[in-house]
Amino acid sequence: MALTLGKALVTGGAGFIGSHIAEALVAQGCEVTVLDNLSSGRLANLDVIRERITFVEGDIEDPEVLSSAARGCDTVFHQAAVVSVPQTIHQPVTSAAVNDLGTIKVLEAARQNGVRRVVLASSSAVYGDVPQLPKTEAMAPSPLSPYAIQKLTNEFYAELYHRMYALQTVCLRYFNVYGPRQDPSSPYSGVISIFMRKALENQQPMIYGDGRQTRDFVFVKDVVQANILAATHESVSGRVFNIGTSNSVEINALWYSIAALAGCILSPEHVDPRPGDIVHSLASIQRAKEQLGFQPVHDFSEGLQKTFEWYRQYARKE
Ligand code: NAD
Ligand code: UD1
């Protein structure tokens, strides 16, 4: 039997993935609160639903703000984080304050306010460079960056809260998520957003290393589907699930696909490999299929085209 979503809190809900989750929840008739400090998110991401949600500008590091936002909620979708692997390498302490301690504070606010279930955004980064592909949840994690350690710690805490405090928790190990609203404006941004902007501005992109590294890119709407399933499936508390597509794309090929959409003929500049960078990433989604009923429905070329259309319009508005 499926659980109902009830009233929901989305931390990091003004960000890329969180804003799509909030939008889907509103579409399903949920009462939604978004808590975000706007450090990398934008209020504009919530334009479509702004009048139908409660927006709290605040920090997950603040227990009082968290507690008041979680009060009366049935479900929490925890997306707020420092999301860039290199940023956590440059800022190991401040990123841990948000990603580790902030997450414990979210779990604690949920526990104290009688929240039924917390769905947490974890990451495929926890696998590191485990040589076997595809990556399955049964493999031992091998984190290569502060970010990966922080996400792995989140998973341990989530499992602990499930076991020790009877708070229902589900962790989703997203692979590389892409789609409209991913912010391209920082060197810490996701590669697809950076390449989209470079191609539209006819600028040469930078590729770290030889560009033969691969990623399993999953469209944001499929990640939303996974979150809704994780929030509503009855007996999956305490578990982790890979969320990807089981297909991978090489970074060199990614640039040429995006360049072709924009009519850009520039070749990338290759620079030194990025410290902490994983070489190959590919998800097994067998567990999510079997236990959550997850099935990604957006194929890569369709998702890339939709994403490109969004960046084309976004670029005009800037
Ligand atoms: P994002 O930067 O667009 O969203 C993160 C949001 O959290 C932003 O709106 C930001 O303002 C907010 N935030 C950051 N620190 C905060 C704090 N201390 N208090 C309140 N709000 C805060 O990034 P995203 O890609 O949407 O990532 C969402 C989640 O998914 C993150 O937990 C990230 O680690 C995880 N994830 C993302 C990917 C990906 O490919 N994008 C892959 C795996 C996991
Ligand atoms: C991304 C997410 C991280 C998530 C992880 C899951 C972001 C910013 N990071 O990390 O939150 O947990 O996926 O797998 O969303 N690259 C270039 N040139 C560029 C930018 C990147 O060559 O200008 C390369 C990188 O070296 C890397 C690949 O593209 O090999 C992907 O990089 P990036 O988008 O930063 O993602 P991840 O580090 O995989």
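This is a predicted model: local features need pLDDT of at least 70, side-chain atom pairs count only at pLDDT 80 or more; totals for chains, interfaces and linings use all residues.
Residues are numbered from 1 along each chain as the sequence is written, and chains are lettered from A and ligands numbered from 1 in written order. Local features require pLDDT of at least 70, side-chain atom pairs require pLDDT 80 or more, totals for chains, interfaces and linings use all residues, and side-chain values use heavy atoms, without hydrogens and water.

Ligand 1 is surrounded by 29 residues. A residue counts as near when one of its heavy atoms lies within 4 Å of the molecule or strand in question. The closest are Phe 16, Asp 36, Ser 40, Asp 59 and Tyr 147. Polar contacts are pairs of N or O atoms within 3.5 Å; within protein, one atom must be able to donate a hydrogen and the other to accept it, and sequence-adjacent residues count only if both atoms are side-chain atoms. A polar backbone atom of Phe 16 lies 2.8 Å from an oxygen atom of ligand 1. For a backbone N or O atom of Gln 79, the distance to an oxygen atom of ligand 1 is 2.9 Å. The side chain of Lys 151 places an N or O atom 2.9 Å from an oxygen atom of ligand 1. Alone, ligand 1 exposes 820 Å², of which the protein buries 93%. Accessible areas follow the Shrake-Rupley method with a 1.4 Å probe; for residues, only the protein chains shown count as cover.

Four elements are listed as giving two or more residues to this shell: α1 (16-27), β5 (117-123), α5 (146-165) and β7 (176-178). Helices (H or I, at least four residues) and strands (E, at least two) are DSSP runs, numbered from the N terminus. β5 gives the most, with three residues. The shell around ligand 1 holds 14 nonpolar, 12 polar and three charged residues. Nonpolar denotes Ala, Val, Leu, Ile, Met, Phe, Trp, Tyr, Cys and Pro; charged denotes Asp, Glu, Lys and Arg; the others, Gly among them, are polar.

Ligand 2 has 23 residues around it. Val 83, Ser 123, Ser 124, Tyr 147 and Asp 277 come nearest. Oxygen atoms of ligand 2 lie 2.7 Å from a backbone N or O atom of Val 191 and 3.0 Å from one of Tyr 208. The side chain of Asp 277 has an N or O atom 2.6 Å from an oxygen atom of ligand 2. α6 (191-200) and β8 (206-208) each supply at least two shell residues. The shell comprises 13 nonpolar, seven polar and three charged residues.

Strand β6 (residues 168-174) has six of its seven residues buried, that is, under 20% relative accessible area, with exposed over 50% and partly exposed in between (1.4 Å probe, protein chains only). β6 runs parallel to β5, with seven bridges; strands pair if DSSP finds at least two bridges. Ser 122 is bridged to Arg 173 of β6. Five bridges join β6 to the parallel strand β11 (residues 239-243), where Ile 243 partners Tyr 174.

Most residues other than glycine have a negative phi, and most peptide bonds are trans. Leu 133 and Pro 134 are joined by a cis peptide bond, with omega about -5°. Pro 134 sits in the loop between β5 and α5. Asn 202 has a positive phi of about 55° and lies in the loop between α6 and β8. Ser 246 has phi near 75°. Its loop runs between β11 and β12 (249-250). Ser 246 is partly exposed, at 33% relative accessible area.
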